[in-house]
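Trainee: I would like to go through the terms used for this model one by one. Please set each value against its definition.

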Amino acid sequence: MQITLLVASAIAILATLLAITRLDAVHALLYLVVSLLAVAVVLYTLGAPFAAALEVIIYAGAIVVLFVFVVMMLNLGRSAVELERRWVAPGMWIGPALLSLVLLGEMAAILGWVRPGTGNVEQIGPRQVGALLFGPYLLAVELASMLLLAGLVGAVHLGRRGPREEQS
């Protein structure tokens, strides 16, 4: 389990660095998905399967879909289509695919090693997560929601084609 945690942590850090340093938005989004999946593996190995499932569903699912939608909204015509065709080259998928395969192998190993009800891993349920999120971590949850709202407002602002004209 310790090796799985270390490998998943290394993949999360590497994928996050690659997501930050990529100039193409599509490349950055692919590495962001890998990073979020690696964080979910870390959470699962630390004994928080519910938090890992939330990580995959909310962040790797909904938030990244929002980012992809923003990238699609910013499509600027024929030149953007040609640029997108170059982005989707088969070589682009090698890095994220390799890191995802390592994570998949780790998850298969974890599910093979750990049986429910065995070991010293304490399961955390939805009630405990809710009590923590709306108790001592309330400020962090509210700050994260404000950050997501600011990102959404920024995406809408960037997606506008120009100033709106008032109709008489």
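Mentor: Start with the naming, since the model is predicted and the labels come from assignment. Helices are DSSP runs of H or I with at least four residues, numbered from the N terminus.

Trainee: What makes the pattern of the protein chain α-α-α-α-α-α-α?

Mentor: The protein chain has 7 helices and 0 strands, and reading along the sequence gives α-α-α-α-α-α-α.

Trainee: How do you know what span is expected of α2?

Mentor: The expected span is 1.5 Å times one less than the number of residues. Helix α2, residues 25-45, has 21 residues, for which 30 Å is expected, and its first and last C-alpha are 30 Å apart.

Trainee: Why is α1 called roughly antiparallel to α2?

Mentor: Helix α1, residues 2-21, packs against α2 at an angle of about 155°, with the axes 8 Å apart. Angles over 145 degrees count as roughly antiparallel, so α1 is roughly antiparallel to α2. The crossing of α1 and α2 is left-handed.

Trainee: Which residues of α1 and α2 meet?

Mentor: Contact means heavy atoms within 4.5 Å. Among the residues that meet are Leu5, Ala8, Ala12 and Ala15 in α1, and Tyr31, Leu32, Ala38 and Val42 in α2.

Trainee: What share of the protein chain counts as buried?

Mentor: Buried means under 20% relative accessible area. Of the 168 residues, 24% count as buried. The accessible surface comes to about 11700 Å², with 71% belonging to carbon and sulfur atoms.

Terms used. Residues are numbered from 1 along each chain as its sequence is written. This is a predicted model: local features need pLDDT of at least 70, side-chain atom pairs count only at pLDDT 80 or more; totals for chains, interfaces and linings use all residues. Side-chain values use heavy atoms; hydrogens and water are left out. Helices (H or I, at least four residues) and strands (E, at least two) are DSSP runs, numbered from the N terminus. Buried means under 20% relative accessible area, exposed over 50%, partly exposed in between (1.4 Å probe, protein chains only). Accessible areas come from the Shrake-Rupley method with a 1.4 Å probe; for residues, only the protein chains shown count as cover. Axes are lines fitted to C-alpha atoms, for helices over the stretch in contact, and angles run from 0 to 180 degrees between N-to-C directions. Angles under 35 degrees count as roughly parallel, over 145 as roughly antiparallel, 65 to 115 as roughly perpendicular and the rest as oblique. A crossing is left-handed if the near helix is turned anticlockwise from the far one by less than a right angle, and right-handed if clockwise.
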